[in-house]
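I set out to record helix geometry and packing for this entry. My notes follow the order in which I looked things up.

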Amino acid sequence: LFADSFSGLKYYWYYYRKDNKASITNNIRFQNTMDQIKILTLNIQYISEKCDNHTIIKSITQRFSKEILNVLLLRYPHLTIKNRRKIVVFIKKHKNTFKKNNSFKFFLFFSCTNIFGLNLNLKLYRMLIKLKKKLGGK
């Protein structure tokens, strides 16, 4: 175990099944993408409602928010415009859930999404990731 810390919960949730070709995390189809975003969003909501440990809530919320962002970065460009709109509607509908992640990175990402829209913001974010890698960052 390489983590600095970890926590346990008294209830189950779906996260992912590694190396399972049929897993929703391995498919780029719209329904699989939307299901994964919904599952992660519901987990953030559930943990926020059921857990009273602020450290656990913050840790898990940040982790799931990072996964949602990864799903968006990897899959959103491959979806049809109609399906992209459905994701934008879902994200707007659940924006209060995403605000529970109070890290600056996600605050900036969702603030820029409000200004530029999700599509342009994801393009900008991808460009920043490439620039960071070129400059030798992680």
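I take the expected span of a helix as 1.5 Å times one less than its number of residues. I note also that the model is a predicted one.

Entry 1, helix α1. I checked the length of α1, residues 30–50. Its 21 residues should span 30 Å at 1.5 Å a residue, and the end C-alpha atoms lie 30 Å apart, so expectation and model agree. I then listed the buried residues of α1, among them Phe30, Met34, Ile37, Leu40, Ile44 and Ile47. The buried residues of α1 pack against α2, α3 (81–93) and α4 (95–98).

Which residues does Ile37 contact, leaving aside neighbours within four places in sequence? I found Ile68, Val71, Leu72, Ile87 and Phe90. I also looked up Ile91, which is 54 residues from Ile37 in sequence, with a C-alpha to C-alpha separation of 9.0 Å.

I examined how α2 (residues 54–75) packs with α5 (residues 104–116): the angle is about 40 degrees, and the axes are 11 Å apart. The two helices are therefore oblique to each other, and α2 passes α5 in a left-handed crossing. On the α2 side I recorded Gln62, Ser65, Lys66 and Leu69, which meet Lys105, Phe106 and Phe109 of α5. By class, this contact comprises three nonpolar, two polar and two charged residues.

Terms used: Residues numbered from 1 in each chain as written. Predicted model: local features only at pLDDT ≥ 70, side-chain atom pairs only at ≥ 80, totals over all residues. Heavy atoms only, no water. Axes fitted to C-alpha atoms, helices over the stretch in contact; angles between N-to-C directions. Helix = DSSP H or I, 4+ residues; strand = E, 2+ residues; numbered from the N terminus. Parallel < 35°, antiparallel > 145°, perpendicular 65-115°, else oblique. Left-handed = near helix turned anticlockwise from the far one by under 90°. Contact = heavy atoms within 4.5 Å. Nonpolar A, V, L, I, M, F, W, Y, C, P; charged D, E, K, R; others polar. Buried < 20%, exposed > 50% of the residue type's maximum accessible area, 1.4 Å probe, protein only.
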